[in-house]
Each structure stands twice: as C-alpha cells, then as structure tokens.
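Work through the following exercises with the sequence and the model at hand. Each task is followed by a solution in steps.

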Amino acid sequence: MPDQPVPVSSVMLMTAVFAPVAAGIITLFLPRKRTTLRVLISLAGMALAFGLVYAQVAQIAPTSAAGRAGTAVIPWIPVLNLNLAFLADGLGGFFALLVSGIGVLIVLYARGYFGDEPDDLYRFYPTLGFFATAMLGIVLADYTLLTLLFWEMTSISSFLLIGWDRYDKHAVKLAMQAFYTTGLGGLGLLGGILLFGLETDVWRWSEFLPAAGEDSPAWWLPEYGEISWTNPMLGAFLLMFFGAATKSAQFPFHYWLPGAMAAPTPVSAYLHSATMVKAGVFLVARLSPVFWALDVWPWLVIPLGAITMTMAALIAINQHDLKRIFAYTTVSQLGLLMCALGLGALKYTDHHNNSFSVINWDITQIANHAFYKAPLFIIAGALGHVASRDITQLNGVFKKQPAMCITLILAGFALAGLPGSISFQAKELFLYAIYHSYQTIGSWWLILMAAAIVTAVCNVAIFVRLTTTVLGLPGGMTADMGCPAHDDHAHHHHVDATGFWGSMMWVPAAVLVAFQFIGGIAPGVWEYFIRPFETNINYEGFQYLPSLGYILADTFKEGPSIPLICSMIAIACGLILGFLPVFRGAIKDVCDQIYPTVYWLAVTGGRRAFMLVQTGNFRTYTVMVLGAFLIGFAGSVLRDPRIIDPVYEAMSRGGEFWPGILLGAIIIVTALALPLTDSRVVRVLILGACGFAVVGMYLVYRAPDLALTQLMFEIISVLLFVLVLRLLPRDESKSRVPRWWRGLIAAAMGIAFGWMTIVAATTPRDHTLTEGLLLGEMFARHSYKGTELTAGRGGGGDNIVNVILVDFRGFDTLGEITVLALAALGVWSLIPRRRSPKV
Amino acid sequence: MTSLILQTASKLIVPLALLFAAYMTLKGHNAPGGGFIGGLCFAVTLILLRMGVGPEVFNRMVPLHPRVLVFVGLAVAFLTGLVPLLMGYPFLTSYVTDLQLPLGASVHFASALFFDVGVLLVVVGTSVGMILRLSQEVEA
Amino acid sequence: MTFVMAVCVAVVFGVSIYMLLGRELKGLAMGVFLLGHAANLCILAQSGSPVLPDGEGLKAPPVLSHGDYEAAAHGGEALSRMVDPLPQALILTAIVISFAVMAFLLTLIIVSARKTNTLDINELGKEQLPTPSQAH
C-alpha cells in the first residue's frame, strides 16, 4: 500500500494526536519566565487536537459505516501488524473530544493552581501534553498494537505526574504502585491483543468491530463462544479485560487510584477522574460489541463492576480528605460504568416482541461522569489552596469562597444524581438496564438493584454533607470529627487568589458543571451534541433522551416505574444518611495493603533467591550449569531411548585403525593421570604429553595444519604454564581428598559428552541450506575455482583449510584475531610493566 | 636463563626457523601452513632467541614492542578487507592472479596472502608479547 | 575411529570437569586447558572417520593438487576420498584463541592471587559478596 497517497483524514487525526505533545515540547524552548505564552501554546495544542477531531467527526458521521471504517494506512512496521491508522467512530471520537476538550480547561486550571511558578509550569505542560497525546492515541488508534503502545505511554505519563513532587518519597512510592499495577495490566492487554490477532489475523479495531447495521460480527461464535479453557477467544478476552480492569481501578486493583491522589490536583482532575482511568472503560466498550457473545462476559463484568461500585461508595462516605472522597466515588462510578457495559450483553424483549441489548445511551453515561467529577476535583484542589482539603476544616467556608462553594455544591448535586442534572437521567438509564435484565438473569437483578441503591444512597449522603459543611448548616462536618487530614502539598504555591488567573481556579469547573445542567434541564441540547456518538439507543420511549418533564408526565400517566421508585428511595435514604451522625469517621481501605504486601514478598523472595543462587562461589555456578545440562540430557535420552543406537554402531567399527587406538590410549592415560599427581612440574609435563598425543590424533585425522599449529601451541603453552607457576604461591592446603560427588558429576558429564559426540558425528547432515552439498564439500569444490553457486568466484588456493580461514570465513578470522589482540591487551594491562630502577 | 649450549644452538636454529616460518606463511594458501602456523612458529623462534641471548641482547635485536605488531597486523588484515569494498566488491573479497615471472615461470598469487600476513603479525605480537611480559615479571 | 575419539572426548572432558570442580585455581586452569582439547577433539570427530570406507588406508588431507577438484573428487564427491576441511578450519582458530584465553586466565589468577593471597576458590567466594542492601 505504500504507493497509495495518504488521505487527509489520516494525517488530520495523526496531527490531532500529536498536537498536545508537540505544543508541550515547544514550550520547553521558551524562557522560564514566559508563563503566559507557555499557557497559550499548551492551550493551542489541546485546542488544535479538539478542532481537528471535531472537524473529522463533523465531516464523517462517526456512527455511520464511513465513520467506522478507519482511515487509510500509513505504513510503519507492517511485519508486526503495527501501522498508523486512526478510527474516530462514536466511541473513539467522543473520547477524543472529551480528552482534548477537558485538556483545554485543565491547562487553564493548572495555571491557576500552580500560580506564577515558572519551574512547575515549565515541567508540567510538556508532561501534560505527553499524556494527552498518549490518551488521544489510545482512543483514536485503529491498529490494536498502536493502542497498546499509547496505553503504555499513559502509564508512563501517569507515573511521572503522580510522582510530580520528586522529593516526596511517599508520592514516588505511590507513583510506582500505580505504574506497576497498570503496567501489569498492560502486559495482559498485550497478551490478549496478540492472542486474538494470531488466532483471527485481525489487527485493526475497524475490522474487529461490526460494520454499521450488522447485528453480530461474531463469526467465530460457533467455534469459540463457549467457556472452555482451551478457547483462545476466551483467553484473549480475559487478558484484555484484565488490562482494562487494572487501568479502570476495578476491585481488587482499585487501590492505585486513591493512591494516585498524591499527584497535583490538575492531574487528579484530568487523568484520574475524567480521562485515563476511563481508558479501561473505553477498552471494554470497544470490546463489547464483539465479546458480548461470550458466555462468560455478563458473569465476569457485571459482578466485578457491581462489587467495585458498592464497595468504593461505602468507603467514599467514610473519608475526610476531599480528594480521597472523590477518588473513591470515581472508583465507584467506574464500577458502575463497567457494570453497565456488562449488562449490555443481556437481552431484553419488550411487549412488542422487539429484542435488544439492555444497554442504552452508554456514551451519555461516560460523559456524565466526566462533567461532574472533574469539577469536584478542581474545586477540591482550589479549596486545598485557599483553605483546606480536609472536609472537617471546611465548615462555613462558603462565606469566604462563595464562587468555589457554589460550583462544588452544583457538582455535588450531579454526583448525587438529583433531578435537574444529566446525572439523574444517566442513573435512570442504568436502573432501567438493571430492571430489564431480569428476563435473562432472573432474581439476580434484585441484588444488582440493591447495590445500585446503596451506591446512590452514599452519593446523596456525600452531597448532603458537602453542602451542609461548606454552608455551615447544622448536620455538617466539624473539626472535632476526627484528626485533621494531612496537609495539602500545594500550600507553598504562590497563588493569585484574585484576578483572571485566580478565577481560573474554579471557572473551568463551572464550565463543565454547566454541561450537567444543560443536559438535565434541556436534554434536547445535550442530545444534539451527544447523539451522533451513541450506538446503543434501544429502549422504547428513550429514543430521545428523556427530559425531567417527560419522566414526570409518564409517571402521572402510568404510575411510577420501578426504576424511578428505586431512585426516589435512594434519594430519600441518602438525605437521611447525610444528616445522621453515623459513618463519619475516616476509615482505611484494606486493599491499600495489597501492593505493599506483594512488593514486600517480591523483594524478600528475590533476596532469598539471590542469596541461594548467587553464592559468589565458582563451584556453585559450575555445578548448577552442569546439573541443568545433565537434566536436559537425561530428559532427551528418556524421551527417545533409541539415541543409544549410534553408540553401538560406532563401537562395532571402533577398531578399524590401530595407530588411532594407540594414540587414543595415550590421551586417555595422560588425562587420567593428571588429577592423580601432586607435583606442579609433573602436571605440566603430563599436560604437554597429552597435547602431543592430540597432535598425533590430528595427524591420524589427516589434518596437517592442525598438527603443526597444535605442536607450536604446546611448546608455547608449556612455557606459559612454567612461567605462571613460578609467579604463583605454593599450595597451602594439601588435603586433596577426592570427593565422590566431583567424580560422579565428572563421569556423568564425560559420558554425556562422548555420547553426544557420537550422535552428532553419525547423524546425517541437513543439505538443504547448501544446495544439496555438505558444507565441507562446498568449500572443497570452490576452494580453487568458483562455480555459479559462488557467482564464479573461487578462493584460488589448494589448501582448503587455509582458504576457509582467510577467504570463505575471513570475516570470522578477522574477529578472532581481534579477540587475540584484546587478550594480549588484557594481559599487558593486568600486569603492568615494572620500570627498571635505572630509568 | 642463558646457557652456552642454547646460545650457540640458537644462532644456528633461529635463522632456519624464521625461514621455515616465512615459508609456511607464504605457501599456506596451497599447502599446509598459513598465518596461524607461521605466526606461532615465528613466535616460538623469537622466544627461543630470547632464552638464548637473554633479555638485554634480545631487546637490542628486536627493539619493537609487540603491541606494534598486533596493531599493524590488525590494520593490515582490516585494510585487506577494505580495499575490495572501495572497489565495489564485498568486504574481504580476494583477488587471484598468476604473476608471470621471467623464464616462463609463474607464481600463483591470491590477495588473501596480505590477510594471512596480518594474521601472522597479530599472532606473533600476541604470543611473544604475553610470554615476554610474564618472563619480565619472573625476572623482576 | 569415531568411537575411539568419543572415548577420548569423554575421558578428557570428564577429567577437565573434575579439575574445574576442584578447590584450587591452578587445577582449574588446567581443567580449562583440557576442556579446549576435549572440545577440539569433539569437533574433529564430526568430520567422520578418516578411514576409507573400503578399509584400505586413510583418506587424503584436505589439500587439492593444483586446483584440480575433479581429481580429488575422483568421479564422485570429494569428501568420500578426502577428510572434511570445515572442522579443521574451526579448530585451527580455536587453538590459537584458546592460547590467548589461557594466557588471560592465568594472568587473572596471578592478579587475584596477589590481591587476595589465596588460590582457594572457596576463600575467594567468601569475599566481597554484595550484601542485599548494597545490591538493591
């Protein structure tokens, strides 16, 4: 495909992906003091990404067939099925807009948060741009492996941003915890992608997904749909889901997300609430249309999501630090999204006999969370600057910071899912999905509904407490309700509390919250923007996003629906719980111990293994290597006992040349005599004798070159040994007790090696690589004259061995004389020449 | 370490042995021999010479440090490979020809001989250099 | 002949392993030396028996006579009448290299003996093992 011109949209989306990091790199070249220019360039990068993606999705409707097709391929590493192509379908396009859009606001907020601190901003914007690029890459990449690449990049940028305060050891530790946890998931994702790709040869999401209008793409379903451990589809799904679950902080891997709150608040608001943690949800949503067909999907995804959702909500209400509260509600909401996607695999048949998936308006669910959670974090950071991040210290803070508190209360209103925010509709849709699932999963739906109600109750209670506390109303949290939480690291920033940049502490939050209420009060506007991205609009009566009025009118006409009743129960209970004096302490999350425990076990185990294996004793290493070899050899003998046959065969023809036997006997006797003697000189002489017998053996084997070389070598070696022995101290230990295990290993190794020699020497050679000739035969044939095999070039010599050395394998010989030179250099430098005294 | 017998014998043996080493190297492409053998032969001869005449005389006779031989040898071998590369052939391509001599004789010649000479120099330099350094250490 | 060679390889290799497992460094060096012999013999054995198949004498050395491959091949493949040159070429460099390696090894032993004042491997092993905290 390289000849095909690269169409505009590929380049456009690629530019969108790389715009933020490019802008970030440009800011690195600015003088440190030029803060405003820095902000503007970073802003431009994000805005450019947003604009390009918007232009793309406006040009080609993302849910249409063209939108799902993926852009043309720019070849990168075709052999690895890794090329540059992009896909801005409903899911990807929406996420890209979300990432770049919130990115714009976060750039502004970061300026407010860090204040006029040149050093922080100098470092922050490039890192933020790097993250934004990675995140855009995940959601827009068409090649599965490209997604993985960007996925890992988000892990790296998250690590850099969590460990922002490089001198805070605790923060660095938490950054590593997040990195290892999500990195482990990344490995799972890699495995899943490879397994799926190798099994189906599908390496692009656009080929993976069903074409528009088609119901099920699961052509593999008859073969692979069932649960069985040998099912590669199941393996691929489980591995990929593992990656998604760690990234999206699903139980029990959720511990890294509250830990990640060590990051500066702009990071928490951006990465750890609105974008990066949703990468897992994004991935599951990507997989869902295909893997919904797996039997295991609902039984894995729904319970995991439900457990995460409920547990995190219960922990959230028992926290004091604002960022921790919101972190746990984030985990809870991620569980909810996961649960909703899990429910999508279930079918519902209405009274018109239409059968459809119970999921509905899933993009709205995702957007809803981003539009209230990012503001909550933004205000948490802002309050941390001007007052405190500990909720017990915030009683009555409204009087000092009305703008922030109003934004906080409005965002909290959405958190609680109260009528008037889009959050309310989203919760209704989720409750409908649970209610509709009863057709498939029977009375399990009651448990799910209970979990949803508990979650909603906690969220409402959190909202109530936030409101009463900041307004200073009765029922709010007060300072005597527990020890003050740890201080905000950000206190040392010199922040403009007023003015344009001061207002940037809360304005970005207000903008986002506004979307919540636009959606809640005027669903038509919301629908105008979000509808083009939605692929699952299934319910009767929900073809348009229901407005509050519609729900009320429907209630008056037909009586309250079950989801609405549940919702009302949740709100009522939440209001009561909000004022009750229970659940007000700050509890610890037991899962926080998972990573430290695993880390401790790994380090301790590693140290033990190190001490066991790395003894520093040469003999231990030798025994280990030889033992491994012997085990391998024994294994191959056991596998094929006929390997002994060549030995008998060779033995029968052993006596064909008597001088050879004589020389062999001399070699054997001299070798055996070596360990039996004590005297150093005798030993050297024996070595020499053995060498001369080997020279004779070379002659028998008709190797004159070898015999001559070995002869010279023996002379020099004996000399070498004599010299060295004079330089070495005498042996101090005379106890040369022959150890039985030494003899045993030596005998076993000797037998194994002799055996292997015979087997190797008598096995027929493979001629296929050398055009049917033995390699030696080929060298012999071309030693003097060339043939067409060597393009007519011969070595021009009669002595084949020498021709091989200097011609056929000349490069090899060049390497070997280099080794010689290096050995000589080693000797010269290890024993430096002593200057004679007269000089 | 010098003895009269060795001293006398080395005067006779060394020239012959050097001649033999040279013969081995030059003939190596077509008969048993070559750079490795020639080099080792050469080295043994030089060591014999040193044992015969003693270090002071030897240093006067052979003023070169062996590392010069190693360096030159590596350079020669590498350049032999490089020349064909410059002429558009693969690295280390050998050039074979029959040189016509007067009186109708001809010598078969392959450019791989230069490579062999490089090998010889490295082998001589390495072996002699290492042995000499160790013997200096013993004598010190 | 292959069997004779294999027995030689087995014994020389076994002895060299025995020496390698010993406690003193000089024996270890000799073990390495023997290891070279064993490996060379093992490779040489791969060229097959040098005895002609009809049992009448030995094969020719791998040297052509004035470039005449056909004469060496004698109507068939040259290796039926001539020993395989490839193992010999491999061993030739191996011999010289093993000399260099031996010299280097012996030098190392000299230096280590001077530094630590011992030739016992077990004594060497006890020294300077990085403690885990340093290794970390």
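This is a predicted model: local features need pLDDT of at least 70, side-chain atom pairs count only at pLDDT 80 or more; totals for chains, interfaces and linings use all residues.

**Exercise 1. Find the partner of B:Arg50 in a salt bridge, and state where both residues lie and how exposed they are.**

Step 1. The side chain of B:Arg50 meets that of B:Glu139 in a salt bridge, at 3.2 Å from N to O. A salt bridge here is a side-chain nitrogen of Lys or Arg within 4 Å of a carboxyl oxygen of Asp or Glu.

Step 2. Because B:Arg50 sits in helix α2 (residues 35-53) of chain B and B:Glu139 in helix α5 (residues 112-139) of chain B, the pair ties together parts 89 residues apart in sequence. Helices are DSSP runs (H or I, at least four residues), numbered from the N terminus, as are strands (E, at least two).

Step 3. B:Arg50 has 9% relative accessibility and therefore counts as buried. B:Glu139, at 41%, counts as partly exposed. The classes are buried (under 20% relative accessible area), exposed (over 50%) and partly exposed (in between), with a 1.4 Å probe and protein chains only.

Residues are numbered from 1 along each chain as its sequence is written, chains are lettered from A and ligands numbered from 1 in the order in which they are written, and side-chain values use heavy atoms, with hydrogens and water left out.

**Exercise 2. Describe the contact between chain B and chain C, including its salt bridge.**

Step 1. Contact (heavy atoms within 4.5 Å) involves 10 residues of chain B and nine residues of chain C.

Step 2. The two chains bury about 810 Å² between them, 85% of it on carbon and sulfur atoms. Buried area is the accessible area (1.4 Å probe) that two parts lose on being put together, summed over both. On the chain B side, B:Phe36, B:Met130 and B:Leu134 lose the most area to chain C, together 49% of what that side buries.

Step 3. One salt bridge is counted between chain B and chain C. In the pair B:Glu137 and C:Arg114, the closest N and O atoms are 3.0 Å apart. B:Glu137 lies in helix α5 of chain B and C:Arg114 in helix α4 (residues 85-116) of chain C, so the pair joins two chains.

Step 4. B:Glu137 counts as buried because its relative accessibility is 6%. C:Arg114, at 42%, counts as partly exposed.

**Exercise 3. Locate the partner of A:Arg204 in a salt bridge.**

Step 1. A search of the whole structure gives 12 salt bridges over all chains.

Step 2. One of them pairs A:Arg204 with A:Asp142 at 2.7 Å, N to O. A:Arg204 is in the loop between α6 (169-200) and α7 (205-208) of chain A, and A:Asp142 in the loop between α4 (118-140) and α5 (144-162) of chain A, 62 residues apart.

Step 3. Both A:Arg204 and A:Asp142 are buried.

**Exercise 4. Which residues lie nearest the centre of the largest cavity?**

Step 1. A cavity is a set of points on a 1 Å grid over the protein atoms alone where a 1.4 Å probe fits but cannot get out; lining residues have an atom within 4 Å of a point.

Step 2. The largest cavity has 18 lining residues, with A:Gln333, A:Leu336, A:Leu415, A:Lys427 and A:Asn459 nearest its centre.

Step 3. α17(A) supplies the largest share of this lining, five residues.

Note on methods: On a 1 Å grid over the protein atoms alone, a cavity is a set of points where a 1.4 Å probe fits but cannot get out, and a pocket is an open set with protein on both sides within 12 Å along at least five of seven lines; lining residues have an atom within 4 Å of a point.
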